[in-house]
Amino acid sequence: MSSRSRKRTAAAVMCMLAAVAVMLGARASRTVASARPSMRVCADPNNLPFSNDRGEGFENRLAQLIGRELGEPVEYVWWSQRRGFIRSTLNAGDCDVIMGVPTSLDMVLRTQPYYRSSYVFVTRADFGVEPRSFDDARLERARIGVQMIGDDGANSPPAEALSRRGIIRNVRGYMVYGNYADSMPLAPIMDAVARHEIDVAVVWGPLAGYYVSRTRAALRLTPVSPQIELPFLPFVFDIALGVRRRDTLFRNQLNDVLSRRAGDIARLLDAYGIPRVSATRRSS
Amino acid sequence: MAFVACGACAGDASGNPAQDATARAPAVADALPNSIANDGPDDGQWARPAKDYASTRYSRLDQINASNVARLGVAWTFSTGVNRGHEAAPLVVNNTMYVVTPYPNVLYALDLATGDKKWQYRPKPRAAAQGVACCDVVNRGAAFADGKVVFNTLDGNTVAVDANTGREVWRTQLSDINKGETITMAPLVVKNRVLVGTSGGEMGIRGWLAALDLASGRVLWRAYHTGPDADVLIGPRFKPFYASDQGTDMGVKTWPGDAWKIGGAGMWGWISYDPALNLIYYGTANPGPWNPDQRPGDNKWATTLFARDPDTGEAVFAYQFSPHDLHDYDGINEQVLLDLPVNGQTRKVLVRPERNGYMYVIDRTNGQVLSADPYGYITSTRGVDLKTGRLIYEPSKYTKQGEVVREICPASPGMKDWQPSAFSPRTGLLYVPHQTLCEDAESVEANYIMGTPYVGMNVKMYAAPVPGRTRGEFLAWDIVKRKPAWSIREDLPVWSGALVTAGDVAFYGTMDGWFKAVDARNGKVLWQFRCGSGIIGQPVTYRGPNGRQYVAILSGVGGWSGAIVSGDLDPRDSSAALGFVNAMRDLPARTQKGGMLYVFALP
């Protein structure tokens, strides 16, 4: 056997061992120790319902669940989720996983999605029949709140959908960053509906669902339609966990946990009022 | 003496046929009687980033000149211990050099004779401010006045420090990072008023400029850049030159609904001052945070030149460079104040190499645009209508989500960003460090901030398709002839400031760390030195305690253009740093981060 073929054989054995390790890791993650002494989560310290530094968000709870499954203590690296969040935390190597990213975000390696949600219309009962579409004629006159992001040329999809329909002057903008001095920085847009300052808010489902489930405001949520406005303006997003691009083994372990504990995760999301949609939501 | 050289320029220009009413004869350079005394000796100091109130960045020191600069060598160095982008100008006053770093905004006092550190002052800005700053955590410098060094911190404080002891004299919280406001600009001190503006146009702020009492730090006035006239400090003295800038409460009426309340229009650049007219001049930043479709109207007073009374803050005139800004053409660039003979009359003008790509010459007594010439490759607009003052947009370059628009030139950083130019009265030339970039605004991608998915513009920048196809240029612009005198093409954007001296030497730095001295008359490179990190700082020159002339520069790459190195961005993510990374993929291989002061002298 030449030294070259010996090396090749050795490499093949290593590959097999690695594959076995992956399978073992997937099957018996509770008992097989990983290289990580702990699972370090990159998270925003003040961003309910997702996370906060008191562990009150559903992403905090999900991290605990996954940590238990992997047999790893959960640690947090706190960083405001603003521009540079991913590069300053995950990609700087300071932490290992982000608990919520859209599956289209290619800065990171994504797991399988663990929920799919939609932007929703938030209205009071006195608005009448719930709006279901951006083409509802009442939106031309109603006072509408949308969220904005300060990226140049970027906007939340609802703001874009409304402006395409010429609905501009009656639209009020709320910064998606909110006032970070508040305990729920994103609440003001929904507060404004409850206080009759605006008639409709178009908000990412998890925010609206949590707000309505935690306050006494009698607000109604209706998923927007269309789900995707052509050529490419989606209102429905699959949300996954994100890890560094090279951490495929860890990603596989996480996928396994997400599959195995899907029922518990669904109950967790229900407890936070997170509305989910399916890809083929029936039209009404 | 300066006027002799410019008299020669004058002859050339008066020989040109008059193109319009604004064609001018000779340029007499400079400037303001008490900012630069043309006949007197230079004081050898550098008390504010622009050197003088006219913002010339011109020194009358001439020991170092075109014939001996080749022998320049390192006199001493100092490490700042900070790794982010160093944009500040060192200050030199009373045999002490003052250096302010990027976040965490440390102020060092250095002994000019020994290079020893005399003291340091640490303002300890809140760490969370780093997540709010849009484009690296830079600081553009301090100002010296009345025995104090005054500067701003990233988390929105203005501090005054005793120049001798390093003790804090006062500290005023001006802005709130929780609302997206940060401060990166260098203050200007005028008549015992400290002028400070806010950054954060991408974060839904409502921009302003404030004046603080130099003695106490108390806020004397604050002029907002959007909203009703009362807030903008527009009153009976306000006389804009053009009809489209006239009217009441334009800061409300040119926005949909109450979008003006989060309309951006910060102020993070440069202010000039004319003591004879008692006016300050500065420009406001881009409107935000909506994309253009959602803010129909001119969006006043974003991207606008203001002339204000520094005592009261009252606006005397305004001129909007880029009404309804489409391409993030912030209007915060410097204005160089010159006295320029036009048709036999001396006109008081300001010259602005504007972000939208035009070299504006504006009458600084009334805001009339005398000329606006392209100083680089422009596709996004067709020119400036001198009758109405309006910028004429090119409709095919209007960006829309879901559509691909290619070759928008200049790209979002503009033909020139914050990096300040310099003017020599001996040559009549303005030395303009700038970038030559275009961008494609392509399709859309989903992103995620604070738990909210959104759809963004995917901007990619690249070198403009002009001969040489480089990303930057050091341009000498002839103000009289209204065209380039010469230029040096640089592979990378020239993100440093410029300096020019009576020795007829101009200085600038490159992002891969070359500090260069060039002949101010013809652009011949006379000397260069490789610094440890890329250069995005502002060169200065001074007379040392031994009577010899020195030149100083901070090296330390970063800023919007250099964030790929200082922020460790992923070169595979072409839209990082708002699209700038695509144009800068090679930078990590060419320089390292790290802040270091270099001081040079003749042997």
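This is a predicted model: local features need pLDDT of at least 70, side-chain atom pairs count only at pLDDT 80 or more; totals for chains, interfaces and linings use all residues.

Trainee: Which residue of β38(B) stands opposite B:Phe78?

Mentor: The residue opposite B:Phe78 is B:Leu597.

Trainee: What is the strand order of the sheet that holds β2 and β38 of chain B?

Mentor: It is an open sheet of 4 strands in chain B, ordered β2-β38-β37-β36, and the pairing is antiparallel. β2 (73-79) and β36 (540-543) of chain B are the edge strands; each has a single partner, so one side of each lacks a neighbour in the sheet. From one strand to the next, the twist averages 25°.

Trainee: And chain B overall, how many helices and strands?

Mentor: Chain B has 6 helices and 38 strands. Of its 603 residues, 64% are buried. Among contacts in chain B with a separation of 6 or more, 62% are between residues 24 or more positions apart.

Trainee: Turning to chain A, into which domains is it divided?

Mentor: Domain 1 of chain A covers 3-115 + 236-271, and domain 2 covers 117-234. Their contact takes 9 residues from domain 1 of chain A and 11 residues from domain 2 of chain A.

Trainee: Which strand gives the largest share of the domain 1 side of chain A that touches domain 2?

Mentor: That is strand β14 (residues 236-243) of chain A, which supplies 3 residues. By residue class, the side of domain 1 of chain A that touches domain 2 of chain A divides into 6 nonpolar, 2 polar and 1 charged.

Trainee: Where is A:Val120 placed?

Mentor: A:Val120 lies in strand β7 (residues 115-124) of chain A.

Trainee: Is A:Val120 buried or exposed?

Mentor: A:Val120 is buried, because 26 other C-beta atoms lie within 10 Å, and the cut-off for buried is 20 or more.

Trainee: What is A:Val120 in contact with, neighbours within four places in sequence aside?

Mentor: The contacts of A:Val120 include A:Val203, A:Gly205, A:Ala208, A:Leu221 and A:Pro275. As for A:Gly93, it is 27 residues from A:Val120 in sequence and 35 Å from it in space, C-alpha to C-alpha.

Trainee: How many bridges join β7(A) to β10(A)?

Mentor: There are 5 bridges between β7(A) and β10(A), and the strands run antiparallel. A:Tyr119 stands opposite A:Trp204 in β10(A). Strand β8 (residues 144-148) of chain A also pairs with β10(A), in the parallel sense and over 3 bridges. There, A:Gly145 is opposite A:Ala201 in β10(A).

Trainee: Why is β10(A) described as largely enclosed by the rest of the structure?

Mentor: Strand β10 (residues 200-204) of chain A has 5 of its 5 residues buried, so it is largely enclosed by the rest of the structure.

Trainee: How many residues of helix α4 of chain A are buried?

Mentor: Helix α4 (residues 157-164) of chain A has 7 of its 8 residues buried and is mostly covered. A:Glu160 and A:Leu162 are among the buried residues of α4(A). Just after α4(A), A:Gly166 takes a positive phi of about 75°.

Trainee: Which peptide bonds are cis here?

Mentor: One of them runs from A:Ser225 to A:Pro226, with omega near 0°. A:Pro226 is in the loop between β11 (219-223) and β12 (228-229) of chain A. Another runs from B:Tyr103 to B:Pro104, with omega near 15°. B:Pro104 sits in the loop between β4 (96-100) and β5 (107-111) of chain B.

Trainee: What is phi for A:His196?

Mentor: Phi of A:His196 is near 65°, a positive value in a residue other than glycine. A:His196 is in the loop between α5 (188-194) and β10 of chain A. A:His196 is exposed, with 10 other C-beta atoms within 10 Å.

Trainee: And B:Asn192, where is it found?

Mentor: B:Asn192 is in the loop between β11 (188-190) and β12 (193-197) of chain B. B:Asn192 has a positive phi of about 60° although it is not a glycine, and it is partly exposed, with 14 other C-beta atoms within 10 Å.

Notes. Residues are numbered from 1 along each chain as its sequence is written. Chains are lettered from A and ligands numbered from 1 in the order in which they are written. Helices (H or I, at least four residues) and strands (E, at least two) are DSSP runs, numbered from the N terminus. A residue is buried if 20 or more other C-beta atoms lie within 10 Å of its own, exposed if 12 or fewer, and partly exposed in between; C-beta atoms are placed from the backbone. Two residues are in contact if their C-beta atoms, placed from the backbone, lie within 7 Å. Two strands pair if DSSP finds at least two bridges between them. Axes are lines fitted to C-alpha atoms, for helices over the stretch in contact, and angles run from 0 to 180 degrees between N-to-C directions. Domain bounds come from an automatic or database domain assignment. Ala, Val, Leu, Ile, Met, Phe, Trp, Tyr, Cys and Pro count as nonpolar, Asp, Glu, Lys and Arg as charged, and the others, Gly among them, as polar.
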